[in-house]
Amino acid sequence: MAAASIRLRRLGAVAAVAGGAYFTVLSSPPVASSDRGAPPGVAIASVRQRITDPFAAVPSRAVQESALIGSGAANPLDVLVIGGGATGCGVALDGATRGLRVGLVERDDFSSGTSSRSTKLIHGGVRYLEKAVFNLDYGQLKLVFHALEERKQVIDNAPHLCHALPCMTPCFNWFDVVYYWMGLKMYDLVAGRRLLHLSRYYSAQESVELFPTLARKGNDRSLKGTVVYYDGQMNDSRLNVALACTAALAGAAVLNHAEVVSFIRDEGSGRIIGARIRNNLSGKEFDTYAKVVVNAAGPFCDSVRKMVDEEAKPMICASSGVHIVLPDYYSPEGMGLIVPKTKDGRVIFMLPWLGRTVAGTTDSNTSITMLPEPHEDEIQFILDAISDYLNIKVRRVDVLSAWSGIRPLAMDPTAKNTESISRDHVVCEDYPGLVTITGGKWTTYRSMAEDALDAAIKSGKLSPANECVTSNLQLIGADGWDPASFTVLAQQYVRMKKSYGGKVVPGAMDTAASKHLSHAYGTFAERVAAIAQNENLGKRLAHGYPILEAEVAYCARHEYCESVVDFIARRSRLAFLDTDAANRAVPRIIQILATEHNWDKSRQKLELQKAQQFLETFKSSKNAQFHDGKHN
């Protein structure tokens, strides 16, 4: 009966949306005021109801900006967060669900930095466990314990965007078999009740049946078997966007494309009490006051600190992580490959992801830039590393996309290289009113946000309505979702498509499109399907990819998608999956966004230029400058 009830509610929601009955759930005051004074249990129940409401729609961008502008000196926010990555959005969600008045600004887009450029793994850290054992390092062991606990919570809170992934470790001598079997059994043991699945050994024959492209022989060695263990995998930027939208539904005023240009200080004490913010889309500037400001700007946290003190000592060491995307035939669906030790002792992953294969990563010092680019030698390094373990020709021309992400590692002045720095996070308040959080990793974003908010509450002497609840708070689209949800889309919707002649023709909502929508949007996938059916936006944006035109319209209306790059990089993952396919889709995406946002011709031309500039930083085989080399 409960499932039937949820189903009926959801159908009602889709009918309302299809009929144009959009409305803003949070046009009423956020939890900080509407539920203030209510018992903690009642307030939290109210927030959960908003997040799971099938009619839910995030407040408009104008409403969010007005909320920030309205937070003056006499009515300040409790917390203003700078940075819309995983940690920043996590802080906003945590604060809003504790009954605090929270604002968040991000100068580019949610997940535009490090959070969209990860290895896509939600992991405890096999490498850190190895270090903990051999160095008898309790700190590293504690990090693994904690990350494994968080890993399960991330998956449970967004099951449509995250899942368990088996990873295969090839062994070419019997010592490696025993060594990795014992090590990964220890990984299982440390996970305890948070275990995803048990690791196990496969013979050489079983291994190549599971992973056909795995080499059995080569370099004077033969495969003795593999050990398979489980970690989590995610769609990182969509998870980040879900965090931002969930925070908005919970009452936070979140605004992307809004940049802090300076801080406001109390004239008497010198404490930071707010910020001057520029809307980068309109150019308009305004002041927002807050009792505490949280600096969660990732690699750029030092530049934020230098707005307060130009002599601020750096807190982070920037590390570059390069990844490449290859065709699906490089790895089987549902099985990853982990190379424990490359030529320079690093770990290399090759993982199936969204119908393609992602391989990485490098770990080297780098400078901090808005649009980092992978170097050709880093791409060749990854190709070299995986070619030693595959029985197919590894070609540079197969690289569909290559990107670089900057990891903001907590600074250790005694460390000689970034590989030896722990991925643990650091929270500090080195300037009154400004709490900075840096370091850490995607897997532990939730607990990082909790620690940062705890520090902010202490700094601002804030009075939250309740303790942190995010460990058991499903994100938007997760409530009632299950892996079979895509069948509803396949059976009940069609893709109405405009032909080149202008005629509208129906097309099947095929399995690939249905699964894609279900996993990308969770239970809100039916809203996207309704747009595809009722507004004739059912055509695919790029040949060979299940991404639909309807998604552009939906993201513009409900996910703060304000530019072409927002869509190709963060709302869909087309730029990361296939740079050239993304380039071909750009003109149609501009048309749809121009309709949604009323862009004039000059804005459309600007969007085309920005999209092309962005895609040039993704070194696919067609736009990269490289010489004839080993992988041709």
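Which residues do ring pairs link into a cluster? Ring pairs join Phe134, Phe175, Tyr179 and Tyr180 in this way. Rings of Phe, Tyr and Trp (its six-membered ring) pair if their centres lie within 6.5 Å; planes under 30 degrees apart count as stacked, over 60 as edge-to-face and the rest as tilted.

The model is predicted: local features need pLDDT of at least 70, side-chain atom pairs count only at pLDDT 80 or more, and totals for chains, interfaces and linings use all residues. Residues are numbered from 1 along each chain as its sequence is written, and side-chain values use heavy atoms, with hydrogens and water left out.

A search of the whole structure finds 12 aromatic pairs. Two of the edge-to-face pairs are listed here.

| Pair | Centre to centre | Angle between the planes |
|---|---|---|
| Trp442 and Tyr445 | 5.5 Å | 75° |
| Phe576 and Phe618 | 5.1 Å | 90° |

The pair of Phe576 and Phe618 links distant parts of the chain, 42 residues apart. Phe576 belongs to helix H19 (residues 574-577), and Phe618 to the segment after helix H21 (601-616); helices (H or I, at least four residues) and strands (E, at least two) are DSSP runs, numbered from the N terminus. Phe576 is buried, at 1% relative accessibility, and Phe618 is buried at 0%. Buried means under 20% relative accessible area, exposed over 50%, partly exposed in between (1.4 Å probe, protein chains only). Trp442 and Tyr445 are both buried as well.

Ser404 lies in strand E16 (residues 401-410). Ser404 counts as buried because its relative accessible area is 2%.
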